[in-house]
Each structure stands twice: as C-alpha cells, then as structure tokens.
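Good morning, and thank you for coming. I would like to take you through one structure, step by step, and I ask you to keep the display in view as I speak.

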Amino acid sequence: MMQALDGLWDKICENVRRGISPDAFQRWFAPARLVETGEDTLTLAVPNSIQQLWIESNYATLLQDAIILTLGDRRAVKFRVEMTAPLISRVPEMAGGGVGGDLFDVRGSGGGVSEAGRGAAVSAGSRAAGTAGSVGSASSAGTLGEGTGGFNARYVFENFVVGSSNQFAHAAALAVAENPARIYNPLFIHGGVGLGKTHLMQAIGHHIVAHRKKARVIYISSEQFTNEFIDAIQQGTLPKFRRRYRQADVLLIDDVQFFAGKERSQDEFFHTFNALFDGHRQIVMTSDRPPSEMQKLEARLVSRFEWGIAAEMQVPDVETRTAILRKKMAQLQVTLPDDVVRFLAERISNNVRRLEGSLMRLASFVSLSREKLTQPRVEELLRDLLQEDARNQVTIDKIQRVVAEHYDVRLADMTSKRRPACIAFPRQVAMALARDLTRASYSEIGAAFGGRDHGTVMHACKLITARTAEDPKIRSVIMLLESRLKA
Ligand code: ADP
Ligand code: MG
C-alpha cells in the first residue's frame with residue numbers, strides 16, 4: 001500500500017516538476033509524501049504547517065493540474081503535519097558540526113553577552129556568570145528598556161493571536177524557534193507598522209532562550225546597530241563590536257529598512273550576516289517592506305535567501321482584531337461591554353498597536369471613573385485614534401473611484417486593457433497614488449488594475465513622479481486628489 005502511494009506521488013511530482021524550478025520543487029514538494037487517497041481526496045504529509053500554507057497559497061493550481069494529468073480528474077488535497085519527516089536532509093551540508101549536534105551545544109557556554117549596551121541581549125550564559133548589564137532570562141528581559149528597543153517579556157508566542165493575516169508568519173516564526181538555523185534561515189518578516197513583527201521576532205528569542213540555555217540571542221534594531229557601529233568606529237572599538245555580533249547564536253535584527261541609504265552600516269551588517277550564516281547561526285529580520293523592495297540589501301543577500309523565507313504580515317481581519325482585544329482584556333483584567341469591543345474592532349482596523357492603545361485608554365477610564373462607558377463617551381475618548389485610523393484607510397478601490405471621477409473616465413477603464421492616453425494617464429495617476437497611499441506592493445497594485453504586472457506599475461509610478469516634478473499643473477492635481485482621498 002505504502003509503495004503504491006509512493007509510486008503515485010512520484011508520478012504526480014513528475015508533473016509538478018514541469019511547472020516549477022528544481023530548487024522550489026526540492027524545497028516545497030520533496031519533503032511531502034502521499035499518505036492517503038480517498039474517493040475524491042488526497043492527503044499529503046508535510047513536516048510543518050509552513051509547507052502546507054506555502055503549497056496551498058502558491059502551488060494549489062500547479063498541484064491540481066499535476067493531479068489531473070496523473071489521475072484524470074481533480075482531487076481535493078488535504079494536509080497532515082507530521083514532524084517526523086527529515087527536515088535536515090534538505091538543508092545544504094553544514095560545515096562545522098551544524099548538522100546532527102545541537103546547534104547551541106556545539107559551542108562552549110561562553111561568557112554570554114555582558115556588554116549588552118543598547119542592544120538587548122538575552123543569554124542564559126551570561127545569567128550564570130551574573131554579569132552586570134546583561135539580561136538574565138526571557139522573563140526578566142522586559143525590564144530592559146521596554147519600548148525602547150529592548151526585549152519585552154510580553155512578546156511571547158502565548159500572547160500572540162493567530163489569524164489568517166498572520167498565520168504564515170506565525171508558523172514560520174514557530175518553526176524557526178523550534179529549529180533555529182535548521183529550516184528557514186534567514187527568516188524575513190515584513191508588513192506594516194503595528195502588525196506584530198517585533199512581537200513575533202522577540203517570541204522567537206524568548207522561545208529559544210527558554211529551551212536552549214546556552215543560546216546567545218541578540219535583539220537589536222538596525223538603527224541601534226548603526227549607532228553602535230558609528231560609536232565603535234569613533235572609539236576605535238570595532239573589533240569588540242564585531243566580536244559581539246558575530247558570536248551570536250541568534251541575531252534578531254528589527255526594522256532593516258533603516259539600513260537603506262546607510263552604506264557603511266549596511267556593509268557591516270552584510271559581513272555580520274555572512275559570518276553568522278556561514279557559522280549556521282539563525283538570523284531573523286523584520287522590515288516594513290518586502291525583501292524585493294530592499295534593492296541594495298537584497299542584491300547582496302539574495303544568494304543567501306535560497307534557504308531563507310519571507311513571510312508577510314497583513315492587517316488582521318475583524319475577527320482577529322476582536323480576538324486580540326479579548327486576549328488583552330483578559331491580561332489586563334478588565335471587561336468592556338460587548339458593543340464597545342465590537343466598535344473598537346470595527347473602527348480601529350489597521351494597526352494592532354493602536355487597537356491596544358484604545359483599549360488601555362478605555363480601561364483606565366473605566367477604572368478611574370464611575371461613569372458608564374457610553375458610545376459618545378468612547379468616541380470622545382478615542383477621537384484622535386479614530387481619526388488617525390480613518391486617514392490610513394485609503395484603499396485602491398477608493399483611489400480608482402476618486403481618480404476616475406476627477407478625470408471623467410469610467411471606473412471600468414481603471415482595470416480595462418484600453419490604452420488611449422486619455423485613459424492611460426489617469427490610470428497611471430491612480431497607480432502612483434495607490435503606491436503612495438496604501439501599503440500594497442507593485443504586484444498587488446498591478447493585480448487590482450486589471451492584472452497588470454509589477455513592471456507596469458513601477459513604470460507608472462516613475463512616470464508620474466517625473467511628470468509631477470516638472471509640471472506644476474499635474475502637481476496640484478495630485479495634491480488635490482490626495483487631499484480628497486485622505487479626507
Ligand atoms: P510592529 O513591529 O509590526 O510594528 P509590534 O510587534 O510592535 O508591531 O506590535 C504592536 C503591538 O501590537 C504589540 O504590543 C503587540 O503585542 C501587539 N500585537 C500585534 N499583533 C498581535 C497579535 N496577533 N496578537 C497579540 N498582540 C499583537
Ligand atoms: Mg516593530
């Protein structure tokens with residue numbers, strides 16, 4: 001029976017191979033096995049939920065086509081996550097005893113990171129040594145500069161609410177936390193402000209420290225890294241600076257978009273990155289934009305991304321926002337009326353940090369005043385936050401409507417293939433506005449404009465930027481449209 005399944009899976013894979021690169025096949029399909037066939041279903045066993053999510057979101061059609069080619073009809077594909085599949089075999093041979101032994105046991109316990117400085121370092125090794133300035137454990141780590149870029153004790157997996165907007169990033173983070181430097185390295189988490197990137201990144205750090213006492217985990221923002229680097233140059237302490245970062249077992253580097261335009265820091269980070277990567281240490285990065293838009297950085301790191309993974313975090317849907325509110329209320333031990341919770345979840349939609357802020361504000365109102373929390377009172381208390389959220393609520397849809405109306409073209413022309421200049425230009429304006437006012441990537445914008453590609457959108461944005469710079473009339477139209485959209 002098993003053999004028959006294996007044979008069938010081999011045939012399906014043969015067809016899958018025709019549609020993707022050998023690397024992608026190796027990475028996403030090779031670890032999967034066919035474990036069950038039903039009347040109209042196939043069940044694949046995969047080593048973790050990332051594999052499943054990735055195949056589902058990127059290769060569903062390819063897989064279905066391969067199944068049809070092999071079996072003559074379609075089957076619903078089910079997944080079963082089995083941790084027994086040998087993940088390590090897929091990772092390129094690691095030098096220096098990376099494979100087999102425990103990553104963090106290969107190294108001596110070391111002194112930890114005693115000169116933690118402005119970067120937050122968590123190291124069980126340094127706790128044993130009891131050195132000043134170091135962070136002892138995940139639980140006490142929050143004392144180190146909460147909100148100023150240090151480790152935050154609340155940022156653990158247990159406190160993270162998983163929804164469809166972040167399940168992929170969450171699964172990737174968990175896989176990395178459980179198998180540092182083994183599966184996905186580097187891990188690149190990207191998405192908008194306040195969506196939980198730092199939270200997830202630090203959760204990885206806490207998890208690793210809790211499970212591997214000797215691991216040296218360093219958390220730092222790229223801005224702090226840059227500042228320390230500059231200090232080190234000025235004070236002639238570069239070797240010490242380098243030693244510190246290159247001896248990390250896990251480097252969590254937050255907001256790497258700040259490296260943009262800082263050539264020397266970027267260079268230094270690149271060398272650190274290489275040293276760690278070659279030493280089979282885990283690297284996790286976050287950014288507010290996808291790796292493909294970090295041109296300089298990506299060009300250099302790209303060869304290294306072969307075994308890495310990029311995970312996007314999106315704005316949570318209203319159910320997830322409600323779940324986050326409920327979780328935070330439980331933590332704060334406050335209860336707000338259901339209609340207030342619903343109001344918050346619906347109205348504060350695109351930034352979890354702001355959602356949290358609103359909750360805190362209402363919670364303190366409730367605890368300080370005996371007044372009942374009425375709807376007008378809620379709106380009054382949260383006026384600025386509600387306004388801010390509305391401002392950020394520019395959608396591509398709205399842009400298309402406003403632009404079409406302004407230029408007096410049909411809305412359908414925003415997505416049509418028609419190309420006369422009287423239509424093409426407004427469409428390009430709308431694309432450029434979408435780029436400036438929403439978080440959508442070039443490809444997402446292209447898709448929203450009738451399936452145009454990344455390059456077309458990029459071209460439109462460049463063109464509009466150039467025209468705006470040279471033509472005051474166009475500039476004032478763009479400003480008018482922007483103000484209308486943000487109103
Ligand atoms: P980012 O780094 O993406 O700007 P943060 O990680 O700082 O965002 O998250 C902002 C706040 O929102 C944090 O307090 C974090 O705990 C909270 N948060 C974000 N997403 C979630 C989630 N899915 N579950 C629980 N809390 C979340
Ligand atoms: Mg952050």
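I shall begin with the ligand, go on to the salt bridges, and end with some details of the backbone. Please bear in mind throughout that this is a predicted model.

Let us start with ligand 1. How many residues surround ligand 1? There are 18 of them, and the closest are Gly 194, Thr 198, His 199, Arg 353 and Glu 356. Sorted by class, this shell has seven nonpolar residues, seven polar ones and four charged ones. Three helices each supply at least two residues of the shell: helix H7, residues 197-211; helix H12, residues 318-332; and helix H14, residues 352-368.

Now consider individual polar atoms around the ligand. A backbone N or O atom of Val 161 lies 2.8 Å from a nitrogen atom of ligand 1. With Asn 166, it is a polar side-chain atom that lies 3.3 Å from a nitrogen atom of ligand 1. Leu 195 has a polar backbone atom 3.2 Å from an oxygen atom of the ligand. How much of ligand 1 does the protein bury? Taken alone, the ligand exposes 560 Å², and the protein buries 96% of that.

I turn next to the salt bridges. As a general point, side chains of opposite charge can pair when their charged atoms come close. A search of the whole structure finds 16 salt bridges, and I shall discuss a few.

One of them joins Arg 75 and Asp 73, with the closest N and O atoms 3.5 Å apart. Is Arg 75 buried or exposed? Arg 75 has a relative accessible area of 15%, and it counts as buried because that value is under 20%.

Another salt bridge links Arg 410 and Asp 413, where the closest N and O atoms are 3.2 Å apart. Here Asp 413 is buried, with a relative accessibility of 4%, whereas Arg 410 is exposed, at 52%.

A further pair lies within one helix. Glu 380 and Arg 377 are both in helix H15, residues 375-381, and they stand three residues apart, about one turn of the helix. Their side chains meet in a salt bridge of 3.6 Å, N to O. Glu 380 counts as partly exposed, at 44% relative accessibility.

Salt bridges may also be linked to one another. Which residues form a network of salt bridges? Arg 242, Arg 246 and Glu 268 are linked in this way.

Finally, I come to the backbone. The peptide bond from Asn 185 to Pro 186 is cis, with omega near 0°. To find Pro 186 on the display, look in the loop between helix H6, residues 167-178, and strand E5, residues 187-191.

There are also aspartates with a positive phi to point out. Asp 255 is a residue other than glycine, and its phi is near 55°. Asp 255 is found in the loop between strand E7, residues 250-254, and helix H10, residues 263-278. Asp 408 is not a glycine either, and has a positive phi of about 55°. The loop that holds Asp 408 runs between helix H17, residues 396-407, and helix H18, residues 421-437. With a relative accessible area of 69%, Asp 408 is exposed.

That concludes my presentation. Thank you for your attention.

Key. Residues are numbered from 1 along each chain as its sequence is written. Chains are lettered from A and ligands numbered from 1 in the order in which they are written. This is a predicted model: local features need pLDDT of at least 70, side-chain atom pairs count only at pLDDT 80 or more; totals for chains, interfaces and linings use all residues. Side-chain values use heavy atoms; hydrogens and water are left out. A residue is near a molecule or strand if one of its heavy atoms lies within 4 Å of it. A polar contact is a pair of N or O atoms within 3.5 Å; within protein, one must be able to donate a hydrogen and the other to accept it, and residues adjacent in sequence count only if both atoms are side-chain atoms. Accessible areas come from the Shrake-Rupley method with a 1.4 Å probe; for residues, only the protein chains shown count as cover. Helices (H or I, at least four residues) and strands (E, at least two) are DSSP runs, numbered from the N terminus. Ala, Val, Leu, Ile, Met, Phe, Trp, Tyr, Cys and Pro count as nonpolar, Asp, Glu, Lys and Arg as charged, and the others, Gly among them, as polar. A salt bridge is a side-chain nitrogen of Lys or Arg within 4 Å of a carboxyl oxygen of Asp or Glu. Buried means under 20% relative accessible area, exposed over 50%, partly exposed in between (1.4 Å probe, protein chains only).
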